[in-house]
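Visitor: Could we take a close look at a single part of this model together? I would enjoy a guided tour of one residue and its surroundings.

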Amino acid sequence: MWSKAETLGVGGLVRLLAAERLMLIFIAFVGLLAAALALTMQRQVNWPPFLGGYAATLALAMIGGYVRHMKSAPRVGLALVGAGIFSGFTAVSSIFIFALFPLANPLIDPWLLTIDAALGYHWPGLIAWLADHPALAQALGYVYHSSLAQILLTIILLAALSRTLDLHRFLLVGIVTLILAVAIWWTVPSIGPSAFQQIPEAHRLATGLYYSPAYGELLRSLVEVGPRQISPEVVTGVVAFPSYHMIMALMVVWFTRGTLAFLPAALVNTAMIPATLSHGGHHLVDLFGGLAVFALGVWIANRLIRPEQQT
C-alpha cells in the first residue's frame, strides 16, 4: 500500500511522495526491461531522443520535488511530478511495444470484424457517411488527437485542486491499463480494420483520415517483419484491442468528476467514441475491451492507494 505521508528527500532539496517514488522506480525498471528486450532481440533503436525523454522525466520529477519542498509550492510540485511520471511511462512503453515486433501469434482482426458485423458495425460504411459530413469528420479528427493533451490537462487540474489521492490513482490507472492492454494485444494481436477493409480514396480525402491502405500495409509490415529502427518518428498507435484511446477517454471523465471540467470532459469524450472508430485503427469491440480494462485498472488502483493512507 502506498502512503502519501511517506516522503523521500534527495540531498535535503527534493521531496517525493511515496506513490510518486514507487511509480518512478517502476518506470525506471520498465525502461531497463525495454532496453534489455531491444538489445536481446537485436532491435535497432534511435536512443538519443528516447534518452532525452527519460532525462526530461527525471528533470520534471526533481524540479517538482524541489519546488514542493524548498519553494512551498505543493500543487506546482504535484503537477510537475505527475507530468514527469506520465511522460516517462509513455516513453519507455513505446520502446517496449515496438521491441515486441514482429508478433508471434496470428492477428485476430478477422474474428473481430465478424463480431463487429454481428453488432451492425461496418467501418467503410461509417466513413462513407462521414464523407457526406466533412465538417463533422474534421471535428472528430481534432477530438481523436486531443487524448494526450486531455491527460496532461487532467494532471494539472487535479494538482491545482490538491486532489493528491485522485491524481496518484489517475497516474496508476494509466500505467496499469497500458500494461494490461499491451499484454492482451501481444497475446491476441490486432491492428484495426484499416488493414483489412478498403475505403474509396475520395472518402478518405473528404474525411481527412490518415489511415490509408498504405498505412494498413505499414501495420501489417510491422506485425510480420518489425520496424527497421525504433525511433520516435515511426512510433505510432498499434494496439487495437483493447482500445487505449477509449481507456484514456474514460480516465479523463472518471477523474474529473466533482470538478467544473466534468461536463466538458464528458461531452468531448462522448465524441471520442465515433472519433476513435472513424480513424480505422479500432474495431467496435475494441471499445468494449477498453472499458473492461479501464474498470479493472480503477479497481487495482483503488486497492493499492487507499484514502486512509493519505492523512
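Predicted model: local features only at pLDDT ≥ 70, side-chain atom pairs only at ≥ 80, totals over all residues.

Guide: Residues are numbered from 1 along each chain as its sequence is written, and side-chain values use heavy atoms, with hydrogens and water left out.

H245 is found in helix α11, residues 244-255; helices here are DSSP runs of H or I with at least four residues, numbered from the N terminus. With a relative accessible area of 15%, H245 is buried (under 20% relative accessible area, with a 1.4 Å probe and protein chains only).

Now for its partners. Setting aside neighbours within four places in sequence, H245 is in contact with Y144, S147, M272, T276 and H282, where contact means heavy atoms within 4.5 Å. Two of these partners also come up at the polar end of the story. The side chains of H245 and S147 are joined by a polar contact of 3.4 Å (a pair of N or O atoms within 3.5 Å, one able to donate a hydrogen and the other to accept it; residues adjacent in sequence count only if both atoms are side-chain atoms). For Y144, the backbone oxygen lies 3.0 Å from a polar atom of the H245 side chain.

So that is H245: a buried residue of helix α11, with polar links to S147 and Y144.

Notes. Helix = DSSP H or I, 4+ residues; strand = E, 2+ residues; numbered from the N terminus. Buried < 20%, exposed > 50% of the residue type's maximum accessible area, 1.4 Å probe, protein only.
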